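Please walk me through this structure, from its salt bridges to its helix packing and overall layout.

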Amino acid sequence: MRIEGLLKTWNDERGFGFIQPATAGQEIFVHIKSFPAGFGRPMPGLKITFEVEQGTDGKKRAKNVMLVSPVRKGAETAFRAPAQWEKSSVYALCAFALLYFLVSAIWSTWPILAIGYVVTSLTCWLFYANDKAAAEDGKWRTSEGTLLMLGLIGGWPGAIVAQQMLRHKTSKVTFRVAFWATVVLNVAAFIAYATPFLRAANG
């Protein structure tokens, strides 16, 4: 028997949420795997139908979820439209690209430094993608400390791209604060290393 309900909450990073059945009653747990392939990113406010099964923990959970229609104007558009990039992320990438260009033009930074940023950024992106997939599949996650360390050593541009493309690690405030702190530290280290200011201070 299919039940109609409203997707009340959704945790995009962990890949699950809760449905409020139309007939009231207890909220039903739903995992990303219960949505059909190509469904897109679930968002709160979607009207859906589903079936109920008993999980391994003995609690009820939804399965075979299907979209009926959004309950508010514009919800379907928001659901299907690509996620918008945060302005802070765009500004950070553009500002660093400009900074790197200026520093390279004035003080001739080593090419290996640029290669290092590219390699660590690609590595960081892969770690984020793997962690996103693990969150959706309920598998072992990459620690936040590892993600932050990769950003600190130069992978933060790739981390920003992964965060925005995958919509991963974008809502947890404590992680966001720590992440941007690593960005500031890395950029400061870059300036100190690539310009004569640090050498002049030590001289």
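A salt bridge here is a side-chain nitrogen of Lys or Arg within 4 Å of a carboxyl oxygen of Asp or Glu. The model is a predicted one, and by this rule the count comes to 7 salt bridges. One of them joins the side chains of Arg-176 and Glu-86, with an N to O distance of 2.8 Å. Arg-176 belongs to helix H5 (residues 173-194), while Glu-86 sits in the loop between helix H1 (75-80) and helix H2 (87-107), so this pair ties together parts that are 90 residues apart in sequence. The two partners differ in accessibility. Arg-176 has a relative accessible area of 10%, so Arg-176 is buried, under the cut-off of 20%. Glu-86, at 23%, is partly exposed.

Salt bridges also occur around Glu-144. The side chain of Glu-144 meets that of Lys-169 in a salt bridge of 3.0 Å, N to O. This pair links distant parts of the chain, with Glu-144 in helix H4 (residues 144-166) and Lys-169 in the loop between H4 and H5, 25 residues apart. Glu-144 is partly exposed, at a relative accessible area of 23%, and Lys-169 is buried, at 5%. Glu-144 has a salt bridge with Lys-172 too, where the closest N and O atoms are 2.9 Å apart. Lys-172 lies in the loop between H4 and H5 and Glu-144 in helix H4, so the pair ties together parts that are 28 residues apart in sequence. Lys-172 is partly exposed, with a relative accessible area of 37%. Taken together, Glu-144, Lys-169 and Lys-172 are linked in a network of salt bridges.

The backbone of that loop deserves a look as well. Most residues other than glycine have a negative phi. Arg-167, which is not a glycine, has a positive phi of about 55 degrees. Arg-167 is placed in the loop between H4 and H5 and is buried, with a relative accessible area of 14%. Lys-169 is found in the loop between H4 and H5, and its phi is also positive, near 60 degrees, in a residue other than glycine.

Two packed helices are described by the angle between their axes and the distance between the axes. For H4 and H5, the axes come within 9 Å and cross at roughly 90 degrees. That value makes H4 roughly perpendicular to H5, since angles of 65 to 115 degrees count as such. On the H4 side, the residues making the contact include Leu-147, Leu-148, Gly-151, Leu-152, Trp-156 and Ile-160. On the H5 side, they include Phe-175, Phe-179, Trp-180, Val-183, Leu-185 and Val-187. By class, the residues of the contact of H4 with H5 divide into 14 nonpolar, 5 polar and 2 charged.

Helix H3 (residues 111-137) has 27 residues and reaches 40 Å from its first C-alpha to its last, close to the 39 Å expected at 1.5 Å a residue. The buried residues of H3 include Leu-113, Tyr-117, Cys-124, Tyr-128, Asp-131 and Lys-132. Their cover includes strand S3 (28-31), H2, H4 and H5.

Among the strands, S4 (residues 46-54) holds Thr-49. Thr-49 is buried, at a relative accessible area of 16%. Leaving aside residues up to four places away in sequence, Thr-49 touches Arg-2, Ile-3, Glu-4, Asn-64, Val-65, Met-66 and Val-68.

Last comes the chain as a whole. The protein chain contains 6 helices and 5 strands, and along the sequence these follow the pattern β-β-β-β-β-α-α-α-α-α-α. Of its 203 residues, 36% count as buried. Among contacts in the protein chain with a separation of 6 or more, 61% are between residues 24 or more positions apart. The pairs Arg-176 with Glu-86, 90 residues apart, and Glu-144 with Lys-172, 28 residues apart, are described above.

Definitions and conventions:
Residues numbered from 1 in each chain as written. Predicted model: local features only at pLDDT ≥ 70, side-chain atom pairs only at ≥ 80, totals over all residues. Heavy atoms only, no water. Helix = DSSP H or I, 4+ residues; strand = E, 2+ residues; numbered from the N terminus. Buried < 20%, exposed > 50% of the residue type's maximum accessible area, 1.4 Å probe, protein only. Axes fitted to C-alpha atoms, helices over the stretch in contact; angles between N-to-C directions. Parallel < 35°, antiparallel > 145°, perpendicular 65-115°, else oblique. Contact = heavy atoms within 4.5 Å. Nonpolar A, V, L, I, M, F, W, Y, C, P; charged D, E, K, R; others polar. Expected span 1.5 Å × (residues − 1).
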